[in-house]
Amino acid sequence: MKFDKITMHPEAGNATVCRECPMCKKKSHFIVTTKEAWEIIDRTRGLNTKSVQDILPNHTPTEREILLSGFCPRCQEEVFGKDEG
Ligand SMILES: [Zn+2]
């Protein structure tokens, strides 16, 4: 199954989130569990109102920002400044 920015890997029990950076067009990706992937997809469809922080509490702020805005880690540093956490 392939969604807008998520590719499911049922055999591995996980999925890849992939976004193209709006600034430099570099593609960034990270792995989430199948459950997390479905929560992201439901959120995209407006079927839940969870925040990305609630869906991916164990991922880094950089990864959550990739999901939200697509900015690659390098451009995030330029736009938002260094990660303080
Ligand atoms: Zn970038």
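**Close-up views of a predicted protein chain**

**View 1. Helix H3 and its neighbours.** The buried residues of H3 pack against strand E2 (14-20), strand E3 (27-33), helix H1 (34-44), helix H2 (52-55) and helix H4 (73-80). Which residues of helix H3 (residues 61-69) are buried? They are Glu65, Ile66 and Leu67. Here, "buried" means that 20 or more other C-beta atoms lie within 10 Å of a residue's own; with 12 or fewer it's exposed, in between it's partly exposed, and the C-beta atoms are placed from the backbone. Two residues are in contact if their C-beta atoms, placed from the backbone, lie within 7 Å. Just after H3 comes glycine 70, with a positive phi of about 90 degrees.

A quick note on what you're looking at: this is a predicted model, where local features need pLDDT of at least 70, side-chain atom pairs count only at pLDDT 80 or more, and totals for chains, interfaces and linings use all residues. Residues are numbered from 1 along each chain as its sequence is written.

**View 2. The whole chain, for orientation.** Helices (H or I, at least four residues) and strands (E, at least two) are DSSP runs, numbered from the N terminus. Buried residues make up 20% of the 85 residues.

View 3. Strand E1 (residues 6-9) pairs with E2 in the antiparallel sense, over 4 bridges. For strands to count as paired, DSSP has to find at least two bridges between them. Look for isoleucine 6, which stands opposite valine 17 in E2. The hairpin has 4 residues between its strands, and glycine 13 in the turn has a positive phi of about 75 degrees.

**View 4. The hairpin of E2 and E3.** These two strands run antiparallel and are joined by 7 bridges. Arginine 19 stands opposite serine 28 in E3. Between E2 and E3 there are 6 residues, and lysine 25 sits in that loop. Lysine 25 has a positive phi of about 70 degrees, although it isn't a glycine. Is lysine 25 buried or exposed? Lysine 25 is exposed, with 9 other C-beta atoms within 10 Å.
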